[in-house]
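Thanks for coming, everyone. I'd like to walk you through one structure today. Please have the viewer open.

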Amino acid sequence: MHVSVTEAREMLSALLPALGTETVPVAQALGRTLAADLEARVSHPSATESALDGIAARETDTLSASAETPVRLRIAGESRAGVPFDGTVGAGECVRIYTGAPLPAGVDAICPVEELQDDGPEHVLLRRPAFPGDVRPEGGDFRAGEVVMRAGLRLSAPRVALAAALGHARVPVRRRMRVALLSTGDEVIEPGLPLKPGQVYDSNRVGLSAMLQESGCEVIELGHAPDSPASLQAALGAAGGANVLLTSGGVSMGRYDFMRDLLVEHGSVSFWKVRMRPGGPAILGGWNGLPVFGLPGNPVSSLVVFHVIVRPALTGQPVQSLKLRAATPFRGLKDKTAFWRGVIREGEVGDYGAQGSGILRSLSDADALVIVPEGGAVEVGEVVDVVLL
Ligand code: AMP
Ligand code: MG
């Protein structure tokens with residue numbers, strides 16, 4: 001019953017329905033998964049244009065310009081963004097130009113406004129040559145017809161901006177996974193209520209809901225249920241319409257861990273316990289045909305399990321890891337993969353310190369999860385896999 005992190009992810013994926021696709025306005029696509037390749041409908045820039053405010057000239061006319069020997073050019077006109085200069089610029093001439101304005105015919109370089117000095121109403125002095133590098137060529141970002149974004153990409157904020165720049169008012173995306181969310185525990189209460197000793201505010205439901213929304217899922221809030229088989233059964237029954245139910249708490253070995261008991265006795269269990277820390281007691285099962293993933297109650301455990309198992313399964317997006325050198329040792333565990341909270345300083349990752357699965361600050365303050373494989377241990381200077389938080 002004790003599965004690896006990879007097996008847990010694969011077993012959850014196998015229970016989830018294949019989602020169809022839909023198109024949504026690009027402004028509402030944040031966090032969604034792109035369902036088809038996106039082509040550029042236009043080129044960007046749409047015309048060769050200036051990257052600076054200044055003058056546009058022929059580079060060859062300006063090569064001798066310096067502070068001591070400025071070059072004098074005649075101003076033939078002006079080109080600004082949206083209102084191009086429609087003539088041709090001749091030898092010894094230039095046009096005033098502004099950022100994003102089309103480059104007129106005849107010129108190939110820009111001299112910035114800081115290097116210019118007016119010389120009467122019709123002439124300007126250049127204190128340095130005009131540079132072709134300050135011209136943005138047409139299509140320098142992307143060309144019309146080019147496939148710029150591939151199906152399967154997660155639409156981050158920069159990618160939503162790119163889709164809009166490509167000319168797409170709507171984008172094809174995978175349908176949202178409908179995820180019902182329930183927290184459990186007699187001691188768990190709503191933030192803001194007076195807290196009696198032994199009680200704890202429901203941070204898991206808030207954190208998991210936020211992570212689900214970030215992941216482009218639709219959240220069906222089932223609220224909170226106390227530790228009793230009857231109220232848990234009622235909550236499970238209310239999850240109809242969801243593609244999957246996520247619960248927090250009640251999946252360990254304790255007398256009041258009824259979530260686990262219910263799945264074992266009246267539902268089904270695909271696995272109980274993952275060989276990982278934090279997060280070991282997670283359970284995957286089913287309830288009347290609904291996949292149920294039971295996350296542990298400990299706040300760090302539930303969010304880490306979400307991060308490395310649930311989110312990749314829900315979104316189809318693999319966990320992104322990168323390699324960093326260890327600034328401190330990291331402990332290994334004989335038969336568990338460890339996800340220690342780490343802080344990144346000067347390109348190296350060090351131990352955050354408090355690694356208890358109830359220390360929520362370790363997640364919010366840390367920069368990354370440091371992955372130490374089963375049986376491994378990490379010495380100072382070794383390269384480790386980390387997942388950015
Ligand atoms: P459990 O998995 O139910 O045994 O809970 C393990 C620990 O996590 C206990 O200290 C609980 O009080 C705490 N806990 C359970 N659920 C939540 C929650 N929703 N928010 C914050 N802490 C919780
Ligand atoms: Mg509990």
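Start with one residue pair: Gly54 stands opposite Pro112 in E7. Before going on, a reminder that this is a predicted model. Gly54 belongs to the pairing of strand E4, residues 54-57, with E7, which is antiparallel and runs over 4 bridges.

Zoom out from there. E4 and E7 sit in an open sheet of 6 strands, ordered E7-E4-E6-E5-E9-E8, and the pairing is mixed. Which strands stand at the edges? They are E7, residues 109-112, and E8, residues 116-118. Each has a single partner strand, so one side of each is left without a neighbour in the sheet. From one strand to the next, the twist averages 40°.

Now the other sheet. This one is also open, with 6 strands in the order E16-E13-E17-E21-E20-E18 and mixed pairing. Its edges are E16, residues 218-225, and E18. Again, one side of each lacks a neighbour in the sheet, because each has a single partner strand. Here the twist averages 20° from one strand to the next.

Strands of a sheet pair through backbone hydrogen bonds, either parallel or antiparallel. Both senses turn up here. E17 and E21 pair in the parallel sense, over 4 bridges. Within that pair, Leu246 stands opposite Phe293 in E21.

Next, E20, residues 283-287. How many of its residues are buried? The count is 5 of 5. Side chains in a regular strand alternate between the two faces of the sheet. In E20, Ile283, Gly285 and Trp287 point one way, Leu284 and Gly286 point the other way, and all are buried.

E20 has antiparallel partners. With E18, residues 268-272, there are 4 bridges. Ser268 stands opposite Gly286 in that pairing. With E21, residues 290-295, there are 5 bridges, also antiparallel. Trp287 stands opposite Leu290 there. E20 and E21 form a hairpin with 2 residues between them. Look at Asn288 in the turn: its phi is positive, about 50°.

One residue in E17 deserves a stop. Thr247 lies in that strand, which spans residues 244-248. Is Thr247 buried or exposed? Buried, because its relative accessible area is 0%, and the cut-off for buried is under 20%. Leaving out residues up to four places away in sequence, Thr247 touches Leu182, Met259, Val292, Phe293, Gly294 and Leu295.

Now the helices. H7 lies across E13, E17 and E21, at about 155° to E21. H7, residues 299-315, also packs with H1, residues 5-15. Their angle is about 30°, and their axes are 9 Å apart. H1 and H7 are therefore roughly parallel to each other. The crossing is right-handed. On the H1 side, the contact is made by Val5, Ala8, Arg9, Leu12 and Ser13. On the H7 side, Val308, Ile309, Val310, Pro312 and Ala313 take part. What is the split by residue class in this contact? It comes to 8 nonpolar, 1 polar and 1 charged.

Last stop: back to the pairing of E17 with E21, parallel over 4 bridges. Helix H5, residues 229-237, packs on the sheet that holds them. H5 touches E13, residues 178-184, along with E16, E17, E20 and E21. The direction of H5 makes about 165° with that of E16.

That's the tour. Over to you for questions.

Note on methods. Residues are numbered from 1 along each chain as its sequence is written. Chains are lettered from A and ligands numbered from 1 in the order in which they are written. This is a predicted model: local features need pLDDT of at least 70, side-chain atom pairs count only at pLDDT 80 or more; totals for chains, interfaces and linings use all residues. Side-chain values use heavy atoms; hydrogens and water are left out. Two strands pair if DSSP finds at least two bridges between them. Axes are lines fitted to C-alpha atoms, for helices over the stretch in contact, and angles run from 0 to 180 degrees between N-to-C directions. Buried means under 20% relative accessible area, exposed over 50%, partly exposed in between (1.4 Å probe, protein chains only). Contact means heavy atoms within 4.5 Å. Angles under 35 degrees count as roughly parallel, over 145 as roughly antiparallel, 65 to 115 as roughly perpendicular and the rest as oblique. A crossing is left-handed if the near helix is turned anticlockwise from the far one by less than a right angle, and right-handed if clockwise. Ala, Val, Leu, Ile, Met, Phe, Trp, Tyr, Cys and Pro count as nonpolar, Asp, Glu, Lys and Arg as charged, and the others, Gly among them, as polar.
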